[in-house]
Amino acid sequence: MQPALSCMDRRNFSASRFARFLMLIISAFLVVGTVAAGAEPYTLGPQDKLRLRVFEWRAPVDQVYEWTALNGDFVVSSSGTVSLPLLGEISAAGLSPKELAETISKQMADEMKLRWPPKVAVEVAEYRPFFIVGAVAKPGAYPYQPGLTILRALSIAGGLPRLGEAGLMRHGREVIAGRGSVTQLALKTNELQARKARLEAELKRAEAIAFPEELEKARSNPDFARVLEQEESIFKARRTAVDTQVNTLNQLKAYLVSEIDALAQQVELKKGEHATVKQELGNVTTLVEKGLSVSGRQFSLERLSAQLSSDQLQLETALLKAKQEISRTEVAIDETINNRAIEVASLLRATEAELEDTLVRYKTEEKLLYDSEIVFPRLVTSRRQDSAKNEPKYSIVRVIDGASQEIAAGETTDVMPGDTIKIELPMLDDLSSMLTPPPQATQ
């Protein structure tokens, strides 16, 4: 008969059994986590996100120790290494998760002088992406999923381009919108050409606008006829405004010229009067010196001579001011004409730039409309008549031994992380032969 255990012994034995049982559970979890990636070993590579779990069974104290510094998520760098606390850089590219776990466990035991190697589990928390390009609804990079095939990858990327009823309806709306855009751009082009003709006529100070022949032919369109009539009204209004300003300044100039003539005549009269008074003053002065005349007469003539001299000076000053006003008026006339010419030239340059931009947009929209109205119906007809020709072709570009290789594939071919899936539709490749130049746009 075995001796009975004391209460303390029973508690220690229970704790030890619990610790061992817990370690067995953790070990089972680590093993499951290591092989959960799939039946075939998965090879790690750059951009893989790894989740590490590190535990150590310490028998002397019956404890399971968790290495919290190493428990967490880590990413494989572009150089194929994983940077771990306490251990530094560890090469991971080309290893399976299990092999990496064994490497980490051995390196920890060696570097930290552990009696027993710790239990390490490496799980792939997030696989590096795969890429899909070509005839697919949404090309780009997508997170890898275990068990991924070409067909599943195609569904993740939105599938092949479809031309269902919804697509046909959307295409119809696009054609209608395209026709509206082309019509609007054509009308705007003609409006800008009409504005350009009006500005050129203003710059030349012509009597009327010389519209291009194609614009004159377009007068049969009531809407565009109103555009031409509006430009003609603007031309007449702006011409009238300039002519009014110039005529007003010319009238002022004519008035000043007549005033100058009048002032010049008055100056001559004053000169004549002054000469007469001076002659008479000389005679009187001689008589006064001989005692034959009184000095009062001499003083009166001297005052009159001074007054006439002052009046003559004022008239000459007024004459000079009138001539200055004429010069200012002539400058104002030139400035009015030049300022309008500068304004018109600036507007003309802006109109020409806008016209050039509108013509480019018009040709682009016209080409897009042509493709929608001509190429798209041919595409639909081709799909309906030759469905076999539209079978997609799949291939995978994969890095093998450091070199990229293109592998033919099918819908059930397995996809690996980092793979680039190429999808081709022969029908789409033949579209270039269906495209023919659109008719020349009328400018």
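Author: A polar atom of the Thr244 side chain lies 2.7 Å from the backbone oxygen of Thr240. This is a predicted model, in which local features need pLDDT of at least 70 and side-chain atom pairs count only at pLDDT 80 or more, while totals for chains, interfaces and linings use all residues. Residues are numbered from 1 along each chain as its sequence is written, and side-chain values use heavy atoms, with hydrogens and water left out.

Thr244 is part of helix H6, residues 222-290; helices (H or I, at least four residues) and strands (E, at least two) are DSSP runs, numbered from the N terminus. Thr244 counts as partly exposed because its relative accessibility is 44%, where buried means under 20% relative accessible area, exposed over 50% and partly exposed in between, with a 1.4 Å probe and protein chains only.

Now the strands. Strand E7 (residues 130-134) pairs with strand E8 (residues 140-142) in the antiparallel sense, over 3 bridges; two strands pair if DSSP finds at least two bridges between them. Ala141 in E8 is the bridge partner of Phe131. The link from E7 to E8 is a hairpin of 5 residues.

E7 is also joined to strand E11 (residues 420-424) by 4 bridges, and these two strands run parallel. Here Gly134 stands opposite Ile423 of E11.

Note on methods:
Polar contact = N/O pair within 3.5 Å; in protein donor to acceptor, adjacent residues only side chain to side chain.
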